Amino acid sequence: MTDLFSAESIVSLLTLTFLEIVLGIDNIIFISIAANKLARQDQAKARNIGLALAMAFRLILLLGISFVISLSKPFTHIDAGWFKAAFTGQSLILFAGGLFLLYKATSEIHHKLEGGEHEETEGGAKGKSTVASVVTQIAITNIVFSIDSILTAIGLTQNVAIMMIAVVLSILIMMFFAGPVGKFVNDHPTIQMLGLAFLIMIGFMLVAEGAHLSEVVIFKQEVGTVPKGYLYFAIAFSLLVEFLNIRLRKKQDPIQLHGYEEEAHREGMI
């Protein structure tokens, strides 16, 4: 127990907590967008349940570290000449989770642009989605994010107690900020579109990482992985640009785009 209060343990705890928060950003984005389909009075409930599930999944996986480590070992090999792979449990989970994120983000963009079931109705209702259906989607996504989070924790420290404390602290911090983040996302449609675009990027990254962990080779070309640093830099840069645009829009009148016909009328050509 005294090892928890050593300088090395405290540094590991702070570092791991910070990494868990960073890795949880994509989870918060998905939870906020998924909860946005509910009535306003149910959104906070869905967010808190989603983050509580994230904490539970991570703690359960930490208690079964040997099982998590076994997921990284190949259970089958395929060699078809032009296609080679050594599939692992971890790679299949990441691959399936990436496809799920690609599907959900694409369908959400379709519904937001085309309209339909997600449009707000009278009294602030958000269509036919229920708390149970939204929480189920969040739970499925949390399984993928939890595996990734725990593998990061294992690579940083071997102290299970530190891992568990870091997970609890990071989830509590995310619960505190999930409300303001969700409100900000709901109030700014462009941020919602950016968030969905980020989920597409993250989904593609998970698919690529799953293929990389499976050592997939297609026509003698190995599938590489996308460095997460590049991904998070792209997300941070996009958000910075959008924040500047939001501030700029508050200081000036909206810009109106004019077509050729309007310009011809103004010039007296029509």
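**Labels and the values behind them**

Analyst: This is a predicted model. Glu108 and Lys104 form a salt bridge, with their closest N and O atoms 4.0 Å apart.

User: Why is the pair Glu108 and Lys104 called a salt bridge?

Analyst: The definition asks for a side-chain nitrogen of Lys or Arg within 4 Å of a carboxyl oxygen of Asp or Glu. Here the closest N and O atoms of Lys104 and Glu108 are 4.0 Å apart, so the pair counts as a salt bridge.

User: How many salt bridges does a search of the whole structure find?

Analyst: The search finds one.

User: Where do Glu108 and Lys104 lie?

Analyst: Both are in helix H5, residues 89-114. They sit four residues apart, about one turn of the helix.

User: Is Glu108 buried or exposed, and how do you know?

Analyst: Its relative accessibility is 5%. Buried means under 20%, so Glu108 counts as buried.

User: What makes Lys104 buried or exposed?

Analyst: Lys104 has a relative accessible area of 10%. That value is under 20%, so Lys104 is buried.

User: Which helix holds Glu209, and what does Glu209 touch?

Analyst: Glu209 is in helix H8. Leaving out residues up to four places away in sequence, Glu209 touches Leu94, Asp148, Thr225 and Lys228.

User: Is Glu209 buried or exposed, and why?

Analyst: Its relative accessible area is 13%. The cut-off for buried is under 20%, so Glu209 is buried.

User: How does the reach of H8 compare with the expected span?

Analyst: H8 has 25 residues and reaches 36 Å from its first C-alpha to its last. That is close to the 36 Å expected at 1.5 Å a residue.

User: Which residue with a positive phi follows H8?

Analyst: Glu215 follows H8, with a phi near 55 degrees. Glu215 is not a glycine. Its place is the loop between helix H8 (189-213) and strand E3 (217-218).

User: What is the phi of Phe219, and where does Phe219 lie?

Analyst: Phi of Phe219 is near 50 degrees, a positive value in a residue other than glycine. Phe219 lies in the loop between E3 and strand E4 (221-222).

User: How do you know whether Phe219 is buried or exposed?

Analyst: Phe219 has 59% relative accessibility. The value is over 50%, so Phe219 counts as exposed.

Notes: Residues numbered from 1 in each chain as written. Predicted model: local features only at pLDDT ≥ 70, side-chain atom pairs only at ≥ 80, totals over all residues. Heavy atoms only, no water. Helix = DSSP H or I, 4+ residues; strand = E, 2+ residues; numbered from the N terminus. Buried < 20%, exposed > 50% of the residue type's maximum accessible area, 1.4 Å probe, protein only. Expected span 1.5 Å × (residues − 1). Contact = heavy atoms within 4.5 Å.
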